[in-house]
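Biologist: I have a model open and want to learn to read it. Where do we start?

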Amino acid sequence: MGSSNGGNVEEAESDHLQLLSTVIPRQERERMCLIHHYHHAFRGFSAMLTQNEASELAGRDGIVSVFPDSILQLHTTRSWDFIEGTSYSNPNFKLTHHHHKSTYDVIIGMIDGGIWPESPSFRDEGMGEIPARWKGVCMEGPDFKKSNCNRKLIGARYYNIVQHTSKSKNSKEMNVVKSPRDSLGHGTHTASIAGGAQVSNASYNGLAQGTARGGYPYARIAMYKACSEDGCPSSTTLKAIDDAIKDGVDIISISIGMSSVLQSDYLKDPIAIGAFHAQEMGVMVACSGGNEGPDPFTVINAAPWIFTVAASNIDRDFQSTLLLGNGRTFQGSAINFSNLTRLETYPLAYGKSIASKFSPISEARSCYPGSLDPEKVKGKIIVCFDGFPFVSREIKKLVAEDAQAKGMILINQNGKGAPYDSGPFPFTEVETAIGYKILKYINSNKNPTATILPTTDIPRYRPAPVVAYFSSRGPGVLSENILKPDIMAPGVAILGAVIPKLEQGNAMLGEKPFHYAIKSGTSMACPHVSGASAFIKSVRPQWTSSMIRSSLMTTATVYDNVGQPLTNSSGSFAIPHEMGVGEISPLKALDPGLVFETTTQDYLNFLCYNGSPDKNIRSMSKKNFKCPKKSSAHLISNINYPSISISRLSKTSGFRIIKRRVTNVGPQNVTYTATVDAPLGLKVKVFPTKITFVENERRVPFKVLFDGRDASTGYNFGALTWSGGLYSVRMIFAVNVE
């Protein structure tokens, strides 16, 4: 995947076909065709090859990488008011250009599962003409016309993705998706979060009512439909990135990725490859960090040129009251539209009393498929544990529904997670302590009963933000010397636009289809960062993607709405491997004072330090580039990143010196003073301790020295803050002492 050096497209395709002809046998020439051809920001192609043919091709000069076409997965109102208000950290902070249209049109490219153009979030009232620099298209399909695009949704592409759809109960058929229209709801939701227009009185059947809007409501949106129900082919995702760069987007938002256990080298990762070339062309790429938390080493999309996002909650919760027959009430987490009331309770059952014949009690306790006896379950509210983590809440609910249960109480042993949307089915989820009280009531009563009331939203919920349980954690598998994830943004129970026909649980309620719904995931956190970046770009159009990233990272908040350090879903203090540098604060990021500019040279050095061969880096970058003579993994810590990570600091090796340089984007003649917040035993010194930006001096280097001789073994976390005038520039560090 080399860098594009322009040239004739037909000649490039001819060269690639010629290359294929050298590895594909003559008798199989029908396979000699290009599925995708990449030629805008970088050069490459996808084709059908055997393993031997791919291996032979990989050994040729000029070939950077050859990798299988893997299937990537999608990472599935109040949130913007919450993070922009930042009232809990600075109630007097206001900016006059907040919500005002800028003279610079920002275009967000969404690489996702398509879009529902009729949603009110994509209306174009008040928007000017489409920018002349836009080179994209609005592709038509059987259910999508050019007229579906407008001055808000300025582009829509689809790719010929083969997907499998159910033909009958026991068979599936293949069909080719030929429309940019959303069939999953994911792309519509993420696009509305990033750049949706303001829509008053939006709600999900009365929940989360208010004004829905994106991070920058005046942003233009272009959708690149690279995903189907089967997932997102990596070759198609790469093609979508290539097209987005060519079309002229400013920001690419990608809420998809591979499993953390399948992560490959950066030069074999399609998102990392595409994102590298995007940043070369001045386009920021923000990606979701994955939903495989809370285990460490699960964060994905972790290349240093990608803005990697973790998920948090906001100051709104959704609760469903559980009322027991003895009069006691408990609050559970849920999104349900139950028709049950306080006036009547129903038999309450658990475990052995609802197990089918020959089913292990452990399976019945967890509502495992096939473990329940419908005759014992019918008409009852059943209690289930969240055992068997591979059996989702959706499956457990379906098991209960199929057995004609009246409702379901799920006991969650892993701490508070995202509320589950059960539609009209009465459902609530409680923590272990409450769960044991319910079981005690069942065991001590001959005829236990209960009812589950419909969900209500709880405003001004505290504490918030909190790291989401599901949010993938660092450190990164491929390099611990870059701190990942980068930052945290709202991703729990977020209201966004959806496909009306998808939310069909409401049909049972006799209601009209919903235009908005509540979803959770780092998929929802990523477009918050994309939207925030678009907002900053609209005000600071001359800033590079690394400057925007730095401004968001160094101004992030590390305190919740009760003034305490941020926590995770278990109630422990959150660490940078969970939350990155903290929660985004877009308004403060408009005026950060100082920024860390990370250049393409930094990224090329990173590849060297990480072990990529010189020739591959030269082929990819199309630059006459040579790796530094000293290239080892520990030098990665020295690339000019807005945070510091050291994967190994020996207690016996003395000081370790880390270099950085800052760029002044604030007023001149300001002196900044360094202060360090370090854990006990870890010695951290900064040289110089003061830096002054005088006329014609925009960039100043500094060094940070770490000494772990007296520090605790393992990761030590802290922060270096440069303070000057009204500015406070915070840089998080993570140091693993051995």
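Modeller: With rings. Rings of Phe, Tyr and Trp (its six-membered ring) pair if their centres lie within 6.5 Å; planes under 30 degrees apart are stacked, over 60 edge-to-face, the rest tilted. The whole structure holds 21 aromatic pairs. One of them joins Y368 and F388: it is tilted, with 4.9 Å centre to centre and 55 degrees between the planes. Y368 sits in the loop between α7 (361–365) and α8 (374–377), F388 in the loop between β21 (381–385) and α9 (393–402), so the pair ties together parts 20 residues apart in sequence.

Biologist: What do the numbers and cut-offs rest on?

Modeller: This model is predicted: local features need pLDDT of at least 70, side-chain atom pairs count only at pLDDT 80 or more, and totals for chains, interfaces and linings use all residues. Residues are numbered from 1 along each chain as its sequence is written, and side-chain values use heavy atoms, leaving out hydrogens and water. Helices (H or I, at least four residues) and strands (E, at least two) are DSSP runs, numbered from the N terminus.

Biologist: How do I read a sheet?

Modeller: Strands of a sheet pair through backbone hydrogen bonds, either parallel or antiparallel. Two strands pair if DSSP finds at least two bridges between them. Here an open sheet of four strands runs β32-β34-β38-β36, with antiparallel pairing. Its edge strands, β32 (594–595) and β36 (683–687), each pair on one side only.

Biologist: How many bridges join β34 and β38?

Modeller: Eight, linking β34 (residues 656–664) to β38 (residues 699–707). I658 has V704 in β38 as its bridge partner.
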